[in-house]
Amino acid sequence: MATIELRQVAKKFGDVYAVKPLDLTIADGEFVVLLGPSGCGKTTTLRMISGLEATTSGRILIDGKDVTWKHPSERDIAFVFQLFALYPHMSVRQNIEFTLEAQNVSPAERTQRVGDVAKLLEIEHLLAQRPGGLSGGDRQRVTLARALVRRPAAFLMDEPLGALDADFRHTMRAEIKRLHLAQHATTVYVTHDQIEAMAMSDRIVVMSAAEVQQVGTPHEVYHDPANLFVARFIGSPGMNLAPGKMADGHLLLAGGHRYLIPAQWRGTLSQVAGGEVILGFRPEAATVSDGGSLAAEVYANDLHGAYAVLHLSLDGENPETVVHVRADRFAHYPIGQSVRFDLNPDMVRFFDPNSGRALRTQ
Amino acid sequence: MSETTNGESVGWQPSAPVNYSTRVDKVGTSARTARGIRIVLAFVLAGVMLIPVFWLGLTSFKSRADAIAVPPKVVNFTPTLEGFVNLLSDRSVLNARRLELMKERTDLTWYEEIALKNGQQITGISQYVGRLRNSVIIAGTSTILAVILGLLAAYSFSRFKVPGESDWLFFILSTRMLPPVVVTIPIFLMYRQLGLHDTHLGLILLYTVFNLSLTVWLLKGFLDEIPREYEEAAMVDGYTRLQAFRKVVLPQAVTGIAATTVFSLIFAWNEYAFALMLTTERARTAPPTIPTILGRGGVEWSAIAAGSLGFLIPVVIVTFVLRRHLLRGVTFGAIRQ
Ligand SMILES: Nc1ncnc2c1ncn2[C@@H]1O[C@H](COP(=O)(O)OP(=O)(O)OP(=O)(O)O)[C@@H](O)[C@H]1O
Ligand SMILES: [Mg+2]
């Protein structure tokens, strides 16, 4: 297993950056997820690590060795593609063995290793078949088997579950995670599904518009987003963002509501020039209560299985001032009704509206 | 859950992939009638197309007299190999005295007997045999060359950023736009200067160049359809690009290669104008030869038919060998597995 280091790695197609200079150090055995909307450069980053795409600038180190200009075959990494790249003209067994052949593994050991990995992934009964007739899930298992059988320095996976249906994704997600825990293999995993990212990763690299927005644990990314993009992107719905103006220890929000700034934030916020900040909080940071300090009108009400998400309009009419609040599944909230709520002071965040960056308590 | 005959319970089994359509609009009554009509039409059409070939085959087994009989004889003639013997041999006409002598001999082979019936004696093997061999050498070699070169070029166009790619591709295609006849004279002059006139090499080069435009374009289409991920996966797995090409791309391109091979072969095999202009003796191929059979002492229809039939056979064999791949190939991958 190995560490992966990206130093100022960038990729341009023509004049456009697909990936802006990026620094990232992935520890041995770490499971890192690249997360971001479509077209933000996740695949390109992964392909640069694998050597399938040349870097425009910067250096890539695997296990401390500079591999920036090494051929993919010399990097000792396994790549799991989004589209199952199984060779239709070979049987499942041949597909899995294919990579061992390249490394001149003896036939006896090949059989042994294919057997082991087939057992692990429960595909022993498929070995003689051609991949064409397999179900999506089985194909994905075979693709994983192909990667696992090599025991490479690192695994790169590009949305390996993207083409599976929701139910099966769930199962495979758990399986990949179990495999990771068992093998402790350095893994870089690309997805645009944040639930997948949250569930699987040690660390998440949030990307947008060819740039890294934040690198952090799922907890950090969720609770302490580095900027407005991450705050909106992570969570569904994303973090509530309400612009306001400070006035004598309160924040003046849309609809004329006054929010008392929690004690731990007063020092930081008092230094903000102009006094304009954006208040951010997750739906679960709010508690609906009759004595709540904030009030808003019900704009819509989504019923989920275990809870309800209330869409509350702060100024009573404008959809732009809507915040989402988690509420009791069984209480009745007709549209237009006024609801009072409180915010948990430990779960409140503030952002600078000009730079978009999160403010930190001192 | 279903039960087997001995009562043993078997779980749900994934069914074999269904590769025929079971859509209502494809299996309903009117659809079946329509399909019946289509099948009949296809047979009629195939019949119409095959009649000339059938007639050709028939004529090649007729005697000279039967071949020109009016009304034409379809079944009521005695098959003879006269046409083939005349095609493959040179003969001289015997005078009355020598004819008598010949008739008394008992050591004649079956083909000498056939010649004797027409009062002729076989003097040697005809040119046709050598020219058919020339055709095989020239068409075969040029087809193999055109397909290999075309495959390499098409792969590069398909996978790498080639500066001015579309211009190059257009240029390659444009070599096919001029009718061959237009350039025969200049090529004739050049070939004479270069000593390529009437050589196998000359025709091989020319046919290869002519076929390249076809092979590059056709094969590029087929290679474009093979996802890059296949080679990329192989490269990450430890193979070089060349190995990946050989082990992963090539096996999946068989269909396209087969179709391209047949198309190139048909062109090189049938080519007439260049062969007529650029060869005289040593390298002359079959197509310009067949009409010359016409000339010798009246129209030898059965010999011409036999010559044309023999000329058809190699292409038919190649097409037959590659037929499994062709169906998908000639429809440009429109029919998928
Ligand atoms: N070979 C290429 N040539 C030109 N532009 C490219 C090429 N590959 C990618 N791009 C561009 O680079 C940007 C990043 O692409 P990339 O595939 O890395 O995105 P992604 O984050 O993986 O997106 P997705 O979630 O859709 O897979 C995109 O704008 C894309 O159009
Ligand atoms: Mg991608």
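## The interface between chains A and B

Chain B and chain A bury about 1700 Å² between them, and carbon and sulfur atoms give 63% of that area. Buried area is the accessible area (1.4 Å probe) lost by two parts on being put together, summed over both. Of the area that chain B buries against chain A, 37% is supplied by B:Val236, B:Asp237 and B:Tyr239, more than by any other three residues. In this predicted model, local features need pLDDT of at least 70, and side-chain atom pairs count only at pLDDT 80 or more. Residues are numbered from 1 along each chain as its sequence is written.

In terms of contact (heavy atoms within 4.5 Å), 16 residues of chain B meet 23 residues of chain A.

## Charged pairs and helices

Four salt bridges are counted between chain B and chain A; each is a side-chain nitrogen of Lys or Arg within 4 Å of a carboxyl oxygen of Asp or Glu. A:Arg47 and B:Glu232 form a salt bridge through their side chains, at 2.7 Å from N to O.

On the side of chain B that touches chain A, helix H11 (228-236) and helix H12 (241-270) each supply at least two residues. The largest share, seven residues, comes from H11(B).

## A buried lysine in chain B

B:Lys62 lies in the loop between helix H2 (29-60) and helix H3 (64-67) of chain B. B:Lys62 is buried yet has no salt bridge; buried means under 20% relative accessible area (1.4 Å probe, protein chains only). The nearest side chain of opposite charge, B:Asp66, is 7.4 Å away. The side chain of B:Lys62 does reach the backbone oxygen of B:Lys73, at 2.8 Å.

Technical notes: Chains are lettered from A and ligands numbered from 1 in the order in which they are written. Side-chain values use heavy atoms; hydrogens and water are left out. Helices (H or I, at least four residues) and strands (E, at least two) are DSSP runs, numbered from the N terminus. Buried means under 20% relative accessible area, exposed over 50%, partly exposed in between (1.4 Å probe, protein chains only). Lys and Arg count as positive and Asp and Glu as negative; His and the chain ends are not counted. A polar contact is a pair of N or O atoms within 3.5 Å; within protein, one must be able to donate a hydrogen and the other to accept it, and residues adjacent in sequence count only if both atoms are side-chain atoms.
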